[in-house]
2 protein chains.
Amino acid sequence: MKIKGKHEHTIWVNENDNALIQVFDQRYLPHRVDIFDIRTTDEAAFAIKEMVVRGAPLIGVTAAYGMYLGCIEAKDKERPNLFLAEVATKLNDTRPTAVNLSWAVHKQLNALHKIKDPQEKIKVAFDMANQIKQDDINISKHIGKFGVEIIKQISEKKKGEPVNILTHCNAGWLATIDWGTALSPIYHAQKEGVPIHVWVDETRPRNQGANLTAFELGEQDVAHTLINDNTGGHLMQHGMVDMVIVGTDRTAGNGDVANKIGTYLKALAAHDNNIPFYVGLPSSTLDCSIMDGVKDIPIETRDENEVKYMQGKVDGEIKSILICPEATPALNYGFDVTPAKYITGLITERGICEASEKGIRSLFPEKYD
Amino acid sequence: MKIKGKHEHTIWVNENDNALIQVFDQRYLPHRVDIFDIRTTDEAAFAIKEMVVRGAPLIGVTAAYGMYLGCIEAKDKERPNLFLAEVATKLNDTRPTAVNLSWAVHKQLNALHKIKDPQEKIKVAFDMANQIKQDDINISKHIGKFGVEIIKQISEKKKGEPVNILTHCNAGWLATIDWGTALSPIYHAQKEGVPIHVWVDETRPRNQGANLTAFELGEQDVAHTLINDNTGGHLMQHGMVDMVIVGTDRTAGNGDVANKIGTYLKALAAHDNNIPFYVGLPSSTLDCSIMDGVKDIPIETRDENEVKYMQGKVDGEIKSILICPEATPALNYGFDVTPAKYITGLITERGICEASEKGIRSLFPEKYD
């Protein structure tokens, strides 16, 4: 996807220095397009924890490169595998909900623990991280190709009017490497000339919709309108939404979907108004060790100041404003879980399935092993 | 209710000048407690339109005083009744959803149009505005007395644990003259020593929850926690909410309730989790000329900049920050309508009834005449 007309990825290896990983600093978008350097495992952990990068797939790829940087740091250590295990723990502990994080870290650990030669370790980890990144791009593309068929079906009934798609948070290319998960079908629809319009939930408290989704849809020239998180229900009641697509940070084996806080409310409204509600997901977000998502997916609690303060641009600078009395206590859950019964279908890299054990098994039987 | 320990009303006649109406300027709360002067009908209209005052009952009372100021302005006019009709239109046109506005304006018009003497007109209008104000205080008190019984019933099952009550927007004393509608039962529970804790939805885009409800609960020492509008569903799923109480700007004759945008989403979540969902309302918000609220209650569309910018305090000043790309289009509906089937009951000044024609008729048969 593009920023200012130039095709970009969200994360890359510096072309002159293999030990320097670079990412777009998503903390300051859309007001500033900064690049953030990751040279150490501490910087990789910081980038994930502080949401320099975010989005389950991108978190996974960043963690994979973090393990690669761990191999570089491990090369002079007496017990390199112990050190790598510590790096894995450090990366894993940054954020609890997105399962891609531990998936990528363990994929690296499994590949690395039998390799003795430090240089060979570094090479294997580097290739693995690059592979995970390339796989993610392909996965996003496939999600788009399957998902666009749903949009095209709806479009046929709209007689040239745009298909109105509501999305929550950012599951676009900025949450992945390229294309996105929830937004990939939208970009594919644009490519195929299907008229579309996207309702962008601002997604409090961190405003990934207002900051990131509005930004990336704008850069890609996709028609869109920003709304408050409160607005979607009213739009759905009044025929202004044809479908909902969201991403996910973890999908349980029973089809329950953890995604950005507020997703559940939109699923309820879609259900109440007979509007299809889809989840775009790479299979790396499937966690079939959990069979009751609502009960068992761990939900991250973040700093209350994300609720009490809001970041934006004023007088040409990026600042945080206090939006409540200073003494007010606040609570900040990062995610909620949408029960499978409210989900029309899961759009995966292998096709579309029902949000249920049966549905997921039909495409990913190996996930239940 | 209190600000800094002193008992206050939201609107009052200046003690030295009967022609000066004063209100707390709710645009700058909680960061600044300013008083706003209303001396003219233009200033009354401005105060309502720009949300210096807000909340259906307070809007009604402000409009009633606006009509009184209209009588003062009319006294030198050639055709005072025509002038007053124009004032009525000006006030009515400020905001379309709250029905108390036109209710109060017409109550004044009906009383005034037969009176010829200008001084008599002024006196009648002044008395009427004062009466509407006093009635509103009594109504709020009664809503509290009926509503607190529901809280006490829930409290009995909680074994000393606080009753967790979620509210959306501000339907507290700042939305009325004193006590509030949705919050009046909460203040009565506090008075009676029932342990309570309030979840305060921040209520984007204008943050009446974060700015006003958090402020007034803090000033009254009621335990509360601020949350994003996205969070309530998750709390309800996990047993952290015992009941929901909200206010309303207009309730249709079939029990459908128009309230701040996002209310509908909370009602859906309450329904999905078997949590009682109550609406506190003065009968002045009943509009039985409408029998299908979802279809027929007019919904205000406000400036898109309320979505794109957010106001708060930074560096000791109140400022607005841009929270999305400058070019992003936004849409800003002020209200949504919750279908009656999702409402457990209406708490009115005459008691609690079902949200249905039958229920409302049992308490307010005259409203269907």
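Mentor: A residue counts as buried under 20% relative accessible area, as exposed over 50%, and as partly exposed in between. With that scale in hand, note that the model is predicted.

Over all chains, the structure holds six aromatic pairs. In one of them, the ring centres of A:F36 and A:F46 are 6.0 Å apart and the planes stand at 10 degrees, so this pair is stacked. A:F36 belongs to strand β5 (residues 35–38) of chain A and A:F46 to helix α1 (residues 41–49) of chain A, so the pair ties together parts that are ten residues apart in sequence. A:F36 has a relative accessibility of 15% and therefore counts as buried. A:F46, at a relative accessible area of 37%, is partly exposed.

A pair in chain B has another geometry: B:Y68 and B:F126 are tilted, at 4.8 Å centre to centre and 45 degrees between the planes. This pair links distant parts of the chain, since B:Y68 sits in helix α2 (residues 56–74) of chain B and B:F126 in helix α5 (residues 118–157) of chain B, 58 residues apart. Both B:Y68 and B:F126 are buried.

Neighbours within four places in sequence left aside, B:N18 is in contact with B:V13, B:Y68 and B:F126; the last two are the partners of the tilted pair.

In chain A, A:K260 lies over the face of A:F335, at 4.3 Å from the ring centre. In chain B, B:K260 lies over the face of B:F335, again at 4.3 Å from the ring centre.

Helix α3 (residues 80–92) of chain B packs with helix α4 (residues 99–112) of chain B at an angle of about 170 degrees, the axes being 10 Å apart. The two helices, α3(B) and α4(B), are therefore roughly antiparallel. On the α3(B) side, the contact is made by B:N81, B:L84, B:A88, B:L91 and B:N92, which meet B:L101, B:S102, B:V105, B:H106, B:L109 and B:L112 of α4(B). Seven of the residues in this contact are nonpolar and four are polar, with no charged residue.

Most residues other than glycine have a negative phi, and most peptide bonds are trans. A cis peptide bond joins A:R204 and A:P205, with omega about 5 degrees, and another joins B:R204 and B:P205, with omega about 10 degrees. A:P205 is found in the loop between β7 (196–201) and α7 (208–219) of chain A. The loop between β7 and α7 of chain A also holds A:N207, which has a positive phi of about 60 degrees although it is not a glycine. At 1% relative accessibility, A:N207 counts as buried.

Terms used. Residues are numbered from 1 along each chain as its sequence is written. Chains are lettered from A and ligands numbered from 1 in the order in which they are written. This is a predicted model: local features need pLDDT of at least 70, side-chain atom pairs count only at pLDDT 80 or more; totals for chains, interfaces and linings use all residues. Side-chain values use heavy atoms; hydrogens and water are left out. Rings of Phe, Tyr and Trp (its six-membered ring) pair if their centres lie within 6.5 Å; planes under 30 degrees apart count as stacked, over 60 as edge-to-face and the rest as tilted. Helices (H or I, at least four residues) and strands (E, at least two) are DSSP runs, numbered from the N terminus. Buried means under 20% relative accessible area, exposed over 50%, partly exposed in between (1.4 Å probe, protein chains only). A charge sits over a ring if NZ of Lys or CZ of Arg is within 6 Å of the ring centre and within 35 degrees of the ring normal. Axes are lines fitted to C-alpha atoms, for helices over the stretch in contact, and angles run from 0 to 180 degrees between N-to-C directions. Angles under 35 degrees count as roughly parallel, over 145 as roughly antiparallel, 65 to 115 as roughly perpendicular and the rest as oblique. Contact means heavy atoms within 4.5 Å. Ala, Val, Leu, Ile, Met, Phe, Trp, Tyr, Cys and Pro count as nonpolar, Asp, Glu, Lys and Arg as charged, and the others, Gly among them, as polar.
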